[in-house]
Amino acid sequence: MKKKSLWIVISLMLIAAFVFTACQPAPVEEKPAEEEAVAEDTTEAEAEEEEAAADEGGLQIPDVEEGMFNVAIVMLSNHDDGGWSQAQWEGINYLQENMDGVHTAYLELVAEGADSEQVFRALARKGFDLIFGGSFGYMDSMEVVADEFPDIGFVHISGYKFNGTNFGNMFGEMEVMKYAAGMIAGARAKADGATRVGGMATFPIPEEFRLFNAYALGVQETCPDCDVDIRWIFTWHDPIVEREGADSLFDAGSHVVMTGADTPASALAAADREGVYGITYDWVGSCTIDECLTAPYWVWGPVFVRIAEEVQAGTYPFMADYFDAATGGVALYGFMEGQELQPGIASLPAEDLAKIQAVMDSVAAGEFDRFDVFAGPIMDIDGNVVVPDGEFMTQADIDQFVPGAPGFEATYGMYWWNQNIAADLPDL
């Protein structure tokens, strides 16, 4: 009975407490405040987790500087790789030295995929105002993180995705320089009685198809009887693999080999042979020996300054930003102000040299661009018309495979080889 009475008392007390509580006004403000505190703690925990993950991968996320416009660049290889990343590193240093009120930072050796996503997110949480992603394979990761941080600017170098608000892609008319390099390669081969040149392509993406098709179109201009051999090496930066690819092309009869990767392997391989040449890429300092004909290279500094100033001012469109060769963002070693022609170019027949110089003069004057490179008629390796006579590719065609991205559709696209390429079209 005592137990029963006790339970009756407890029950009555609980009922009374429930009625009393039900009559009170709901504490509306307390719950959101609690949720905000939990969200804050979660965000901090997530930030620490992202930064710890990056640190575990050997990367230390740099800090921002208060009161400055903070810009970071994420790079695929080491900053002194002698190629792609070194050109970007020099560009970010140029930005630091030539824009007031800016603080810059860089991260090197960041792998594509999940690693890069963690790094982009960690930089955004640190408070960087503008983040450059320096490799094609960063595109999807950057797109994800940009959606999470709408107040931060993200610009992807190469690729084709953009959202028009805070995520854009940026590249330049390197195909114009590759076309001119092809003219040089064809002229050198013809002058030496050869009929084959080569190229080391990295990955079967639109960028590589357009650059090597441009190269082949240039070869066709100065050496109609030449064909172009292509080797896929599936790396952006691997000195051993690049050297093996160059050796393979020379062994198969290529007189000139151009690379699409970082190291000067094509020129170094040429130096170990008699009477053949290499064409390097990406960085102005990569073409230092006589066996190197030239180097199409990037000049990122002024481009970074322009974009940073526009992002800071709120005027950057975050779309497909494809700058013309005439702006100076791309160049061809030996043909820029203050440079001398390499011996293998200086000794070309006067007629061919004049033809190459005329193209470079037209580029500088803004009278020859990427759409001229890919003007019809263009035939593929199977004899099909890629671009009809009198027609031109659009930017969407140059950037992508058919059908292209929604709202940025491609008619012709870049999944083809020019008619003088002696290689099969790879499966995608």
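User: Leaving aside its neighbours within four places in sequence, which residues is T165 in contact with?

Analyst: T165 is in contact with P317 and F318, where contact means heavy atoms within 4.5 Å. This is a predicted model, in which local features need pLDDT of at least 70 and side-chain atom pairs count only at pLDDT 80 or more, while totals for chains, interfaces and linings use all residues. Residues are numbered from 1 along each chain as its sequence is written, and side-chain values use heavy atoms, with hydrogens and water left out.

User: Why is T165 called exposed?

Analyst: Buried means under 20% relative accessible area, exposed over 50%, and partly exposed in between (1.4 Å probe, protein chains only). T165 has 56% relative accessibility, so it counts as exposed. T165 lies in the loop between β4 and β5, and its C-alpha atom is separated by 7.7 Å from that of P150, 15 residues apart along the chain.

User: What makes G164 partly exposed?

Analyst: The relative accessible area of G164 is 32%, so this residue counts as partly exposed. G164 is also found in the loop between β4 and β5. Beyond four places in sequence, G164 is in contact with P317, F318 and M319.

User: Why does T202 count as buried?

Analyst: T202 has 0% relative accessibility and therefore counts as buried. T202 sits in the loop between β6 (196–201) and α7 (206–222). Not counting residues up to four places away in sequence, T202 touches E208, W232, I233, F234, T235, W236, G260 and A261.

User: How many helices and strands are in the protein chain?

Analyst: There are 14 helices and 16 strands. Of the 428 residues of the chain, 50% count as buried. Among contacts between residues at least 6 apart in sequence, 64% join residues at least 24 apart.

User: In what order do the six strands of the open sheet stand?

Analyst: The order is β2-β1-β3-β4-β5-β11, with parallel pairing. Two strands pair if DSSP finds at least two bridges between them. Four bridges join β1 to β3, and β3 and β4 also pair over four bridges. Strand β5 (residues 167–172) is joined to β11 by four bridges. Individual positions can be read off too: F132 in β3 is the bridge partner of I73, G133 stands opposite H156 in β4, and F171 stands opposite Y322 in β11.

User: How do you know that both faces of β3 are covered?

Analyst: L130 and F132 on one side and I131 and G133 on the other are all buried. Helix α4 (residues 114–126) lies across β1 (69–74), β2, β3 (130–133) and β4 (153–157), running at about 165° to β3.

User: Why is α6 called roughly antiparallel to α12?

Analyst: Axes are lines fitted to C-alpha atoms, for helices over the stretch in contact, and angles run from 0 to 180 degrees between N-to-C directions. Helix α6 and helix α12 (residues 350–364) pack at an angle of about 175°, with their axes 10 Å apart. Angles under 35 degrees count as roughly parallel, over 145 as roughly antiparallel, 65 to 115 as roughly perpendicular and the rest as oblique. The angle between α6 and α12 therefore makes them roughly antiparallel. The contact residues of α6 include V176, M183 and I184, and those of α12 include I356, V359 and M360.

User: What makes a set of residues a nonpolar core, and which members of the largest one touch the most others?

Analyst: A nonpolar core is a set of buried Ala, Val, Leu, Ile, Met, Phe, Trp, Tyr and Cys residues joined through side-chain atoms within 4.5 Å. In the largest core, of 86 residues, M170, W298 and F374 touch the most other members. Helix α6 (residues 174–191) supplies the largest share, 11 residues. Apart from this core lies another, of 22 residues, among them I61, A72, A124 and I131. In soluble globular proteins, nonpolar side chains tend to be buried together.

User: Leaving aside its neighbours within four places in sequence, what is F374 in contact with?

Analyst: F374 is in contact with E175, R210, N213, A214, L217, V387, E391, F392, M393, I398, M414 and W416.

Technical notes. Helices (H or I, at least four residues) and strands (E, at least two) are DSSP runs, numbered from the N terminus.
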